Amino acid sequence: WKINTNISSLYRKHPPSAGVFGISWGLWIGLLQQSHIFRLIFSADELVGATWLHDIERHETNVITDAWIGSYVLEGVRGSGLSQKFFEIFQPKCTTMGVHHIHSGTRADNETGEYILLRQLGMTYVGLFTDFTTFNGVWHDCKIFTLYEADRERAWQSAQRRNAKLREDLL
């Protein structure tokens, strides 16, 4: 696997009308603008996945305290352990940058995502958040996870702030 942040090479391979992973270029640019760390995963020069930090929270001194991790792996390479391998590389980079509190969420019905977060990444289940976020304009319940057991309350508070901000932005 090759890890890369060179969005221009991705842009050349996938023209704007095509997008990537079925996601339009406009949404990718929005994601990049709100992400602090963004990594693309390649296999034999083909894009197979991506992971990023989003909804970053900072201490009043501007130091990152909490962040949410998102990822996407192409269907053809799912089940290969890519998420786990990549997290083993990505998580120490986050720690180096001072991000010690990493949270994640997955739609309540996403059993595969839950398995990856719990079993492969070793995250801790926090709880079910009703109407946590929107996908394609529809509100969805999400299961909330955090990297460390001791961060359960912190993750729930972060989820509440994230949900409140989303609702504010949608008004």
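Start by selecting G98: this glycine comes after helix 3 and has a positive phi, near 95 degrees. (Helices are DSSP runs of H or I with at least four residues, strands are runs of E with at least two, and both are numbered from the N terminus.) Before you click on, know that this is a predicted model, where local features need pLDDT of at least 70, side-chain atom pairs count only at pLDDT 80 or more, and totals for chains, interfaces and linings use all residues. Residues are numbered from 1 along each chain as its sequence is written, and side-chain values use heavy atoms, with hydrogens and water left out.

**Stop 1: the whole chain**

Zoom out and colour by secondary structure. Of the 171 residues, 40% count as buried, where buried means under 20% relative accessible area, exposed means over 50%, and partly exposed is in between (1.4 Å probe, protein chains only). Now think about contacts, meaning heavy atoms within 4.5 Å. Among contacts between residues at least 6 apart in sequence, 54% join residues at least 24 apart.

**Stop 2: helix 3**

Select residues 82-96, which make up helix 3. This helix has 15 residues and spans 22 Å from first C-alpha to last, close to the expected 21 Å; that expected span is 1.5 Å times one less than the number of residues. Where does helix 3 kink? Look at E88, shortly before the proline P92, for a kink of about 30 degrees. (The bend is the angle between axes fitted to the seven residues ending at a position and the seven starting there.) Then show the side chains of L82, S83, F86, F87, F90, Q91 and C94, which are buried residues of this helix.

**Stop 3: two nonpolar cores**

A nonpolar core here is a set of buried Ala, Val, Leu, Ile, Met, Phe, Trp, Tyr and Cys residues joined through side-chain atoms within 4.5 Å. The largest one has 15 residues, so select those with the most contacts inside it: L53, I69, F90, C94, V99, I102 and M123. Strand 4 (64-73) and helix 3 each supply at least two of its residues, and helix 3 gives the most, with 4. Apart from this core sits another, of 8 residues, including W68, C142, I144 and A159. In soluble globular proteins, nonpolar side chains tend to be buried together.

**Stop 4: D66**

Go to D66 in strand 4. Is D66 buried or exposed? D66 is buried, with a relative accessible area of 2%. Its side chain makes a polar contact of 2.8 Å with that of H103. (A polar contact is a pair of N or O atoms within 3.5 Å; within protein, one must be able to donate a hydrogen and the other to accept it, and residues adjacent in sequence count only if both atoms are side-chain atoms.) Leaving aside neighbours within four places in sequence, D66 also has contacts that include D55, E57 and R154.

**Stop 5**

Move to G105 in strand 5 (residues 101-107). This glycine is partly exposed, at 32% relative accessible area. Not counting residues up to four places away in sequence, G105 touches W68, K143 and I144.

Finish at A108, in the loop between strand 5 and helix 4 (111-120). A108 is partly exposed too, at 29%. Beyond its neighbours within four places in sequence, which residues does A108 contact? Show L128, D141, C142 and K143 to see them.
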